[in-house]
Amino acid sequence: MEKIISSLKSRTKSATRTSRDSRLFQTILKAIHDKKGENVVSLDLTRIDEAVADFFILCEAQSHVQIKAIADNIEEEVRKTCDEKPYHTEIGPAWTLVDYVNIVVHVFQTDERKFYDLEGLWMDAERMEHPTS
């Protein structure tokens, strides 16, 4: 956890704001849904001065294999659709982070998500669920 926090704090937040309608945001959601990510939620951090990004996108996976598949698909689809590479990726067995500066994606196994409770830590953020269509 400390390594993840350190990597987020060490980078500069982009001056250009993003939105849920942006191509990057929508591509990430599609990539998560394509690999059956569950309980997909976004947190809008744009009104929180201390926030390290404009949005966090969180989702759950059933296994380390699925976490990796989701993260890999996000990187592949964003590269193809938006011609962007992640600023940083932190790969772990139960939690993987893919950082696009304005949008940081957290892919968790269920117990890890409950334990770290990012939604509780950022409770001032506007929360939106993104069920599969």
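This is a predicted model: local features need pLDDT of at least 70, side-chain atom pairs count only at pLDDT 80 or more; totals for chains, interfaces and linings use all residues.
Contact here means heavy atoms within 4.5 Å.

The protein chain comprises five helices and six strands. Along the sequence these elements are arranged in the pattern α-α-β-β-α-β-β-β-α-α-β. Of the 133 residues in the protein chain, 51% are buried. Among contacts with a separation of 6 or more, 68% are between residues 24 or more positions apart. A search of the whole structure for disulfides returned zero.

Several residues illustrate the contacts between separate parts of the chain. Gln 109 belongs to strand β5, which spans residues 103-109. With neighbours up to four places away in sequence not counted, Gln 109 touches Ala 61, Gln 62, Ser 63, His 64, Ile 67, Pro 93 and Ala 94. The C-alpha atoms of Gln 109 and Pro 93 are separated by 8.7 Å, and the two residues are 16 residues apart along the chain. Gln 109 has a relative accessibility of 24% and counts as partly exposed, because the buried class requires a value under 20%.

Glu 129 is placed in strand β6, residues 126-129. Its relative accessible area is 54%, and Glu 129 is therefore classed as exposed, the threshold being over 50%. When neighbours within four places in sequence are left aside, Glu 129 is in contact with Val 40 and Val 41. Val 41 is 88 residues from Glu 129 along the chain, yet the C-alpha atoms of this pair are separated by 4.4 Å.

Ala 71 is part of helix α3. This residue is buried, with a relative accessible area of 4%. Apart from its neighbours within four places in sequence, Ala 71 is in contact with Thr 96 and Val 98.

The packing of helix α3 against helix α2 was examined next. Helix α2 covers residues 23-34 and helix α3 covers residues 64-82. The two helices pack at an angle of about 140°, and their axes are 8 Å apart. The arrangement of α2 relative to α3 is therefore oblique, because an angle has to be over 145 degrees to count as roughly antiparallel. The crossing of α2 and α3 is right-handed. On the α2 side, the residues in contact are Arg 23, Leu 24, Thr 27, Ile 28, Ala 31, Ile 32 and Asp 34. These meet Ile 70, Asn 73, Ile 74, Glu 77, Val 78, Thr 81 and Cys 82 of α3. By residue class, the contact of α2 with α3 consists of eight nonpolar, three polar and three charged residues.

Cys 82, one of the α3 residues in this contact, lies in helix α3. Leaving out residues up to four places away in sequence, the description of Cys 82 gives Arg 23, Leu 24 and Thr 27 among the residues touched. The C-alpha atoms of Cys 82 and Arg 23 are separated by 7.0 Å, at a distance of 59 residues along the chain. The relative accessible area of Cys 82 is 15%, and the residue is buried. Cys 59 is likewise buried, at a relative accessibility of 0%. Both values qualify as buried because they fall under 20%.

Backbone angles were considered last. Most residues other than glycine have a negative phi. Two residues other than glycine have positive values in this model, Asn 39 and Asp 117 being listed here. Phi of Asn 39 is near 50°. Asn 39 is located in strand β1, residues 38-44, and is partly exposed, with a relative accessible area of 47%. Phi of Asp 117 is near 45°. Asp 117 sits in the loop between α4 (110-116) and α5 (118-121). With a relative accessible area of 38%, Asp 117 is also partly exposed.

Note on methods. Residues are numbered from 1 along each chain as its sequence is written. Side-chain values use heavy atoms; hydrogens and water are left out. A disulfide is a pair of cysteine sulfur atoms within 2.5 Å. Buried means under 20% relative accessible area, exposed over 50%, partly exposed in between (1.4 Å probe, protein chains only). Axes are lines fitted to C-alpha atoms, for helices over the stretch in contact, and angles run from 0 to 180 degrees between N-to-C directions. Helices (H or I, at least four residues) and strands (E, at least two) are DSSP runs, numbered from the N terminus. Angles under 35 degrees count as roughly parallel, over 145 as roughly antiparallel, 65 to 115 as roughly perpendicular and the rest as oblique. A crossing is left-handed if the near helix is turned anticlockwise from the far one by less than a right angle, and right-handed if clockwise. Ala, Val, Leu, Ile, Met, Phe, Trp, Tyr, Cys and Pro count as nonpolar, Asp, Glu, Lys and Arg as charged, and the others, Gly among them, as polar.
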